[in-house]
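Let us walk through a protein model together, one step at a time. Keep the sequence and the 3D view side by side as you read.

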Amino acid sequence: SLPEASLMRLAAPILEGRADVAYGRMEPDLAAAAPLVRAFYRGWQLNPYFDDGKFGGVFALSNQITRGLFPLPEVVADDEYIARSTAFRRRAHVPEAGFAVAVPTTLRALFSIRRRSRRGTDALRLRGVCGAATKPNGGFGTAALRAARRPSRWFDVAVYGAVMSAVAISLKLSPAAPNGVWERDETSRLPSA
């Protein structure tokens with residue numbers, strides 16, 4: 001969900017020539033999510049990856065970047081592909097350009113999309129699409145240290161760590177999607193009219 005005002009704020013650095021890539025502030029919409037899913041996202045947001053905004057979901061690209069990137073190769077992690085491919089270009093984080101993302105409502109759906117996300121990122125690495133590290137060092141360890149000072153977040157970080165560990169173990173045991181299935185979250189999608 002992207003308000004018109006956020007869209008205009010996101011486009012401004014590109015239109016004004018201050019940046020080649022602009023990205024906003026993602027807010028997970030947790031309203032319909034199960035309690036454990038809400039806990040996961042609260043823990044996930046302690047990750048240092050969010051300190052300067054999250055690249056993905058909604059972003060703006062200059063014409064020059066677009067011409068150099070498209071058509072995109074067939075990859076699962078298309079946002080990550082664009083993030084890595086533009087890592088050394090002029091970037092603008094526009095925190096005023098907020099957008100909401102409907103999250104999975106069930107733990108099973110969350111597990112599936114985290115598997116898909118991780119598999120997509122691993123596939124980029126195997127293809128040699130490295131660019132620059134798009135996630136600062138620290139990850140779960142930094143999130144846990146941040147939560148250590150906030151006892152109200154201990155449970156959230158424990159759920160986040162448990163889900164990500166389960167995903168990693170699952171991928172070690174079965175790295176490919178079952179029968180080529182696209183692990184899409186159907187729980188957060190609006191019913192078709």
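This is a predicted model: local features need pLDDT of at least 70, side-chain atom pairs count only at pLDDT 80 or more; totals for chains, interfaces and linings use all residues.

Now take in the whole chain. Its secondary structure amounts to seven helices and three strands. The chain has 193 residues, and 41% of them are buried. Look next at contacts between residues at least 6 apart in sequence: 82% of these join residues at least 24 apart.

Go back to helix 1, which runs over residues 4-15. Ser6, Leu10, Ala12, Pro13 and Ile14 are its buried residues. Their cover includes strand 1, strand 2 (59-61) and strand 3. Met8 also lies in helix 1. Is Met8 buried or exposed? Met8 has a relative accessible area of 51%, so it counts as exposed. Together with Leu2 and Leu7, Met8 makes a nonpolar surface patch of about 270 Å².

Move on to strand 1, which covers residues 21-29. Val21 belongs to this strand. Its relative accessibility is 0%, and therefore Val21 counts as buried. What surrounds it? Setting aside neighbours within four places in sequence, Val21 touches Ile14, Phe55, Ala60, Leu61, Ile65, Thr86, Arg90, Arg91 and Ala92. Pick out Arg90 from that list. Val21 and Arg90 are 69 residues apart along the chain, yet 6.4 Å separates their C-alpha atoms. Arg90 has charged partners too: a network of salt bridges links Asp20, Arg89 and Arg90.

Next, look inside. The largest nonpolar core has 32 residues. Ala22, Phe40, Tyr41 and Trp44 have the most contacts inside this core. Several elements give two or more residues to it, including strand 1, helix 2 (35-44), strand 3 (91-102) and helix 5 (107-126). Which element gives the most to this core? Helix 7 does, with six residues. Phe40 shows how such packing looks up close. Leaving out neighbours within four places in sequence, Phe40 is in contact with Leu110, Arg114, Val159, Tyr160, Val163 and Met164. Apart from this core lies another, of twelve residues, among them Phe55, Tyr81, Ala83 and Leu124.

Stay with helix 7, residues 154-173. Its 20 residues should span 28 Å at 1.5 Å a residue. The end C-alpha atoms are 29 Å apart, which agrees. The buried residues of helix 7 are Asp156, Val157, Val159, Tyr160, Gly161, Val163, Val167, Ser170 and Leu171. Check the spacing of these numbers against a general rule. An α-helix has 3.6 residues a turn, so residues three or four places apart point the same way.

Asp156 leads us to the salt bridges. The structure holds nine of them. In one, the side chains of Asp156 and Arg153 meet at 3.8 Å, N to O. Are these two partners buried or exposed? Asp156 counts as buried because its relative accessibility is 3%. Arg153 is at 19%, so it counts as buried as well; the cut-off is under 20%.

Asp122 and Arg118 meet at 3.6 Å, N to O. They are four residues apart in helix 5, so about one helical turn separates them. Asp122 is partly exposed, with a relative accessible area of 24%. Arg118 is partly exposed too, at 36%.

End with one more pair. Arg25 forms a salt bridge with Glu27, and their closest N and O atoms are 3.1 Å apart. Arg25 is partly exposed at 33% relative accessibility. Glu27 is partly exposed at 36%.

Key: Residues are numbered from 1 along each chain as its sequence is written. Side-chain values use heavy atoms; hydrogens and water are left out. The expected span of a helix is 1.5 Å times one less than its number of residues. Buried means under 20% relative accessible area, exposed over 50%, partly exposed in between (1.4 Å probe, protein chains only). Contact means heavy atoms within 4.5 Å. A nonpolar core is a set of buried Ala, Val, Leu, Ile, Met, Phe, Trp, Tyr and Cys residues joined through side-chain atoms within 4.5 Å. Patches are made of residues with over 30% relative accessible area and no salt bridge: like charges are joined within 9 Å, nonpolar side chains (Val, Leu, Ile, Met, Phe, Trp, Tyr) within 5 Å. Accessible areas come from the Shrake-Rupley method with a 1.4 Å probe; for residues, only the protein chains shown count as cover. A salt bridge is a side-chain nitrogen of Lys or Arg within 4 Å of a carboxyl oxygen of Asp or Glu.
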